[in-house]
Amino acid sequence: MNNVSYELRDKDKATAIIEEAMKKAAKKITKGHVATYIPELGKVDPNQLGICVLPVEGEKICLGDYDKRFTIQSVSKIIMLIMALEICGIDRVTEIVGAEPSGEAFNSLVELDREDSRPYNPLINSGAIAVCGMLIDEISFQDMLRFTRKICCDEDIFMDRDVFESEMRTCSRNKSIAYLLESKNIIKSDVDDTLKFYTKCCSMSVTAESLAHMARVLANDGVSMVSKKRFMSSRTARIVKTLMLTCGMYDGSGTFAITVGIPSKSGVGGGLMSVSDKRAGIGVFSPALDSKGNSIAGVDLLGRIASKLRLNLFYDPEWTKDDHETVGKEIIQT
């Protein structure tokens with residue numbers, strides 16, 4: 001397979017690269033903050049950092065706090081989107097939500113505050129709540145939980161009731177979004193039931209390794225490397241990965257695409273799920289967040305390993321810095 005990262009085939013070399021990157025990324029933790037606007041998340045130790053890399057070819061690499069449980073939060077929007085595309089179809093999904101970066105915060109109401117507008121994409125709160133409004137008439141939360149356990153190869157995933165109740169007590173902004181969606185006839189289901197469904201999905205307890213398994217399914221065109229089962233169509237996998245690249249890191253998605261170049265989805269619980277297509281699935285956990293709501297150490301860690309492990313979507317083994325400088329001088333001389 002031409003796209004496979006040969007660095008990942010050498011487990012010892014790859015592990016040394018990741019260990020060094022983790023030491024440097026850990027220094028960023030003090031510059032971030034846990035998500036205190038959800039009281040239960042504010043209790044989490046910010047100094048945790050873990051990563052799991054599951055190559056399409058090669059042995060898994062798990063370091064640090066890769067097995068510590070945390071709530072999936074907005075990474076669950078990927079599961080919501082997969083289910084919606086597979087059950088409802090792309091035409092129904094695109095009727096209620098777009099596919100463009102919003103340029104606004106993940107919980108913004110700005111894009112909805114226009115007469116004919118709809119959520120910009122399904123990876124911000126308004127888009128995901130709209131998707132849940134569609135799904136709630138088709139499946140139950142237990143269906144979502146079963147699917148999540150299977151695609152993540154983790155039967156221990158559960159709904160963290162303490163986090164769920166904490167979020168429900170403090171979700172005034174999401175309630176505003178949901179009622180605004182209802183007023184636009186985007187949500188046709190019961191608003192309270194839709195919000196509970198959405199919040200339960202965000203409250204599922206996972207690990208970095210859980211997320212790496214789901215990411216590897218996406219990296220392998222929707223097929224599990226463990227069970228060999230197809231979890232989604234190739235089309236769904238392609239749509240999801242594209243939206244992860246353009247919208248998955250909220251209003252920091254463009255910068256992340258330039259500096260890291262791996263389709264990823266973050267959550268305010270500190271999780272990051274990254275898909276290096278045909279190369280590897282990656283899960284990261286570090287709960288201290290940057291100003292965009294993304295794991296500050298996790299983003300730094302992914303940036304440090306992206307090129308060295310050939311994980312960047314746009315990696316070209318033929319490109320070198322000297323080549324770039326030579327081209328630059330040739331342009332100036334013409």
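Helix α11 has buried residues, and what covers them includes α3, α10 (208-219), α12 (253-259), β6 (264-266) and β7 (271-276). Helices (H or I, at least four residues) and strands (E, at least two) are DSSP runs, numbered from the N terminus. The buried residues of α11 are T236, A237, V240, K241, L243, M244, L245 and C247. Buried means under 20% relative accessible area; exposed means over 50%, and partly exposed lies in between (1.4 Å probe, protein chains only).

The model is predicted: local features need pLDDT of at least 70, side-chain atom pairs count only at pLDDT 80 or more, and totals for chains, interfaces and linings use all residues. Residues are numbered from 1 along each chain as its sequence is written, and side-chain values use heavy atoms, with hydrogens and water left out.

Start with the length of α11. The expected span of a helix is 1.5 Å times one less than its number of residues. For the 14 residues of α11 that gives 20 Å, and the end C-alpha atoms are 20 Å apart, so the two agree.

Now turn to α3, residues 76-87. Its 12 residues should span 16 Å at 1.5 Å a residue, and its end C-alpha atoms are 16 Å apart, which agrees. Helix α3 is mostly covered, with 10 of its 12 residues buried. They are S76, K77, I78, I79, M80, L81, I82, M83, A84 and L85. After α3 comes G89, which has a positive phi, near 90°.

How do the two helices meet? The axes of α3 and α11 (residues 234-247) come within 10 Å and cross at roughly 145°. Axes are lines fitted to C-alpha atoms, for helices over the stretch in contact, and angles run from 0 to 180 degrees between N-to-C directions. On the α3 side, I78, L81, I82, L85 and E86 take part; on the α11 side, T236, I239, V240, L243 and M244 do. Contact means heavy atoms within 4.5 Å. The residues of this contact divide into 8 nonpolar, 1 polar and 1 charged. Here Ala, Val, Leu, Ile, Met, Phe, Trp, Tyr, Cys and Pro count as nonpolar, Asp, Glu, Lys and Arg as charged, and the others, Gly among them, as polar.

Step back to the whole chain. Its secondary structure comes to 14 helices and 8 strands. Of its 334 residues, 54% are buried.

Last comes confidence. The chain averages a pLDDT of 90, and 88% of the residues score at least 70. pLDDT is the predictor's confidence in each residue, from 0 to 100. Over residues 318-323 the pLDDT is below 50. Where pLDDT is low, the predicted coordinates should not be read in detail.
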